[in-house]
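Visitor: I would like to learn how to read strand pairing and aromatic pairs in a model. Please take them one at a time.

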Amino acid sequence: MPPEETAPYSLTIEVARAEGAGDPHAFRCMRQDYVFRSTKGFGSAEFPWDEQVLGAMAQLLRPRPEPGALQHLGERLRTFLEQGLSTHEGWAHHELALLQAVEAGRPVYLTFRFGAAELYSLPWELVALRTTGQHLGELPGCLVQYEWPGVHPAPLPSRRLPGSDRVLFGWSAAAGEVPWREHREALTQASRGHRYGFEPEKDVVARLSLTALEQHLREAVEAKRPVTALHLLCHGTRQAGGTSGLVWDGAQGEPEVVDAAALRRVLAPHAGWLRLVVLCACYGGHAGAPGNALGSVAQGLHRVGLEAVVSSRLPLSVAGSVRLTESFYANWQGPPSVRPALLEARRALLRTGGLEWASLQLFSPLEPPRAASLLRRRLLLGLGATAAGLLTTSAVRAMPRVQPLGGQVLDEEGRALMGARVTLLLSQRDDALRVETDEQGLFHLELRAEREAEVRFRVEKEGYLPFESTATLGNTGLGFSLEREP
């Protein structure tokens with residue numbers, strides 16, 4: 001069969017808020033204008049954020065959502081895409097193309113890249129097709145995935161061994177019983193005859209806590225048995241203030257809510273080795289209230305360079321979590337096979353009824369990871385939270401006066417560099433802004449400016465060659481590595 005008849009049909013839709021584009025969290029719950037971008041130019045559309053939309057979103061969290069409300073929400077989402085893409089090829093063109101691909105047995109990969117945080121709270125898997133009325137997520141072979149602008153996968157370790165993929169399973173019953181035996185058995189069975197390893201005696205962290213997970217990951221690297229995939233089973237929760245979290249065992253044995261910030265601090269230093277995280281928990285992908293600054297746990301891990309994060313936006317049943325685990329790992333053959341394995345897991349959940357098939361999410365950047373040796377002294381400029389470089393002055397009605405700049409500093413092996421000094425060089429050297437990277441190698445600077453501008457910055461750390469380059473204000477997805485001094 002010719003390659004073009006089997007190759008995936010891929011489409012990326014990039015959207016940013018028109019007002020306050022420099023701040024992805026500057027959301028007001030009212031009608032909002034958004035800017036669409038493609039290789040053919042810009043488009044615009046308005047999203048209502050009215051009581052009907054918010055009511056349908058609330059329906060999703062109920063045990064038995066009202067089907068009519070969900071169908072109406074899917075129609076609203078499609079109308080938004082039709083308006084925003086009307087000056088490009090048009091959504092009708094893409095709808096026909098993806099239906100033809102599905103009929104031909106080709107996979108369809110649809111990526112949403114949003115520079116406005118509130119758009120991640122919407123269930124794009126429920127987009128209703130105009131021709132058939134079906135939801136995107138129920139089409140066989142159609143996978144919806146998400147990407148934060150400017151995110152790049154952490155570089156692969158230069159000394160990574162082929163065939164060394166390994167799964168670590170962590171579980172916690174701090175908020176109630178979980179089917180950990182069934183998950184352990186599913187991982188054991190799936191690993192037999194596959195290219196990855198799982199040993200129940202060594203690769204299970206029971207009564208999961210942040211301390212236990214951090215210790216196990218550190219010891220795994222020291223023993224030269226680094227973890228490729230992390231499978232986490234626990235209960236999830238929604239908290240006051242619109243955030244979500246995972247319920248784990250605390251230091252004193254009491255339940256502890258682990259949010260996106262806490263978990264990313266533990267996992268970010270291991271992003272070079274760790275290529276996949278599967279969150280088998282309710283609300284692991286729930287972004288909370290629209291515009292919530294912390295976002296979902298899954299999104300938080302994605303933004304620090306985890307290559308693939310699988311989660312559930314909605315409640316996940318015991319049976320659903322087991323079915324997901326059995327189907328996904330039976331088809332997962334290592335990091336490159338996440339998408340086809342996830343499609344099989346979605347098919348398995350579709351057969352059971354309910355909405356768990358629509359709840360399944362994948363956060364993953366389109367750019368494949370590269371070896372750390374290829375990233376030396378190379379600056380990776382992303383789109384950043386403002387979709388820098390995508391929006392023309394005429395497309396954005398208002399820009400904030402305070403512009404951010406942020407990213408991550410790594411060493412040659414792809415490990416986070418703490419204590420690296422990042423200096424934003426202004427017109428006068430004495431007037432420069434400086435900050436040091438944290439334990440994940442992350443930094444954040446802000447500069448008051450009338451509009452986005454190109455600035456020069458310098459990165460220094462004792463024992464490493466200094467690095468100097470330019471970037472556009474508003475970009476919070478910078479990533480680069482430093483070479484050691486000869």
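The dialogue below goes through strands, then rings.

Guide: This is a predicted model, in which local features need pLDDT of at least 70, side-chain atom pairs count only at pLDDT 80 or more, and totals for chains, interfaces and linings use all residues. Residues are numbered from 1 along each chain as its sequence is written, and side-chain values use heavy atoms, with hydrogens and water left out.

Visitor: In what sense do strand 9 and strand 10 pair, and over how many bridges?

Guide: Helices (H or I, at least four residues) and strands (E, at least two) are DSSP runs, numbered from the N terminus. Two strands pair if DSSP finds at least two bridges between them. Here strand 9 (residues 235-238) pairs with strand 10 in the antiparallel sense, over four bridges. Arg238 has Ser244 of strand 10 as its bridge partner.

Visitor: How many bridges join strand 10 to strand 11?

Guide: Four bridges join them, and strand 10 and strand 11 (residues 255-258) run antiparallel. Asp249 has Pro255 in strand 11 as its bridge partner. The hairpin of strand 10 and strand 11 has five residues between the strands, and Gly253 in this hairpin takes a positive phi near 90°.

Visitor: Is strand 10 mostly covered or uncovered?

Guide: In a regular strand, side chains alternate between the two faces of the sheet. Buried means under 20% relative accessible area, exposed over 50%, and partly exposed in between (1.4 Å probe, protein chains only). Strand 10 (residues 244-249) is mostly covered, with six of its six residues buried.

Visitor: How many aromatic pairs does the structure hold?

Guide: A pair of aromatic rings is described by the distance of the centres and the angle of the planes. Rings of Phe, Tyr and Trp (its six-membered ring) pair if their centres lie within 6.5 Å; planes under 30 degrees apart count as stacked, over 60 as edge-to-face and the rest as tilted. The structure holds 19 aromatic pairs. In one, the rings of Phe114 and Trp124 have centres 5.4 Å apart and planes at 45°, so the pair is tilted. Phe114 is in strand 4 (residues 108-114) and Trp124 in the loop between strand 4 and strand 5 (142-147), ten residues apart. Phe114 counts as buried because its relative accessibility is 0%, and Trp124 counts as buried at 0%.

Visitor: Which parts does the pair of Tyr196 and Trp332 tie together?

Guide: Tyr196 and Trp332 form a tilted aromatic pair, 4.8 Å centre to centre with 50° between the planes. Tyr196 lies in the loop between helix 5 (180-191) and strand 7 (204-205), and Trp332 in the loop between helix 9 (318-331) and helix 10 (338-350), so the pair ties together parts 136 residues apart in sequence.
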